[in-house]
Amino acid sequence: MTRTGELPRSHLVVLPDREGDLLWRRGLLSYFLYYRRVMAQRHKRSISLPPELDEAIEGAAHAEGTTVSAWIAETAAHRLRLDAGRSAIAAWEADNGALTPDELAEGLQRARRLLGRDAGRGRTRTSA
């Protein structure tokens, strides 16, 4: 008797994995019927991008040696962390008052030190 979606046991070879669980593997094709342990869970999305942005993203991903999907996921995660940080600072300021220029400078210096950046290497803003 087989569970839904499984092949009869006569067509399967049982191989123990590192943790002692059993992985079902079909003969010579090495087809794993139970693959959730080795495949990451992902949601697929279809997005539309202007051609120039698409080319820039593809170039950036290639330069970092990763896929477009991985590059977009990392970039989106980074943006969400920045937004969460801004929200946390705004909430703190709502309770404690605005940060002083000295506190802001100290925070910037601390952040640069933690990121391994020189204090003088920051971006310079220019007016348009």
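Guide: Let me begin with a term: helices (H or I, at least four residues) and strands (E, at least two) are DSSP runs, numbered from the N terminus. This is a predicted model, in which local features need pLDDT of at least 70 and side-chain atom pairs count only at pLDDT 80 or more, while totals for chains, interfaces and linings use all residues. Residues are numbered from 1 along each chain as its sequence is written, and side-chain values use heavy atoms, with hydrogens and water left out.

Visitor: How far does H2 reach from its first C-alpha to its last?

Guide: With its 29 residues, H2 reaches 42 Å, close to the 42 Å expected at 1.5 Å a residue, where the expected span is 1.5 Å times one less than the number of residues. Helix H1, with 13 residues, reaches 18 Å and is close to its expected 18 Å, while H3, with 15 residues, reaches 21 Å, close to the 21 Å expected.

Visitor: At what angle do H1 and H2 pack?

Guide: They pack at about 95°, with their axes 9 Å apart; the axes are lines fitted to C-alpha atoms, for helices over the stretch in contact, and angles run from 0 to 180 degrees between N-to-C directions. H1 and H2 are therefore roughly perpendicular, a label for angles of 65 to 115 degrees, whereas those under 35 count as roughly parallel, those over 145 as roughly antiparallel and the rest as oblique.

Visitor: Which residues make that contact?

Guide: From H1 they are Ile 57, Glu 58, Ala 60 and Ala 61, and from H2 they are Val 68, Trp 71 and Ile 72, where contact means heavy atoms within 4.5 Å.

Visitor: You mentioned Ala 61, so is it buried or exposed?

Guide: Ala 61 is buried, because its relative accessible area is 1%, and buried means under 20%, exposed over 50% and partly exposed in between, with a 1.4 Å probe and protein chains only. Leaving out residues up to four places away in sequence, Ala 61 touches Thr 66, Thr 67, Val 68 and Trp 71. The C-alpha atoms of Ala 61 and Ile 72 are separated by 8.4 Å, although these residues are 11 apart along the chain.

Visitor: Switching topic, where does Ala 98 lie?

Guide: Ala 98 is in the loop between H2 and H3, and it counts as exposed because its relative accessibility is 64%. Its contacts, apart from neighbours within four places in sequence, are with Glu 93 and Glu 103.

Visitor: What share of the chain's residues is buried?

Guide: Buried residues make up 5% of the 128 residues in the chain.
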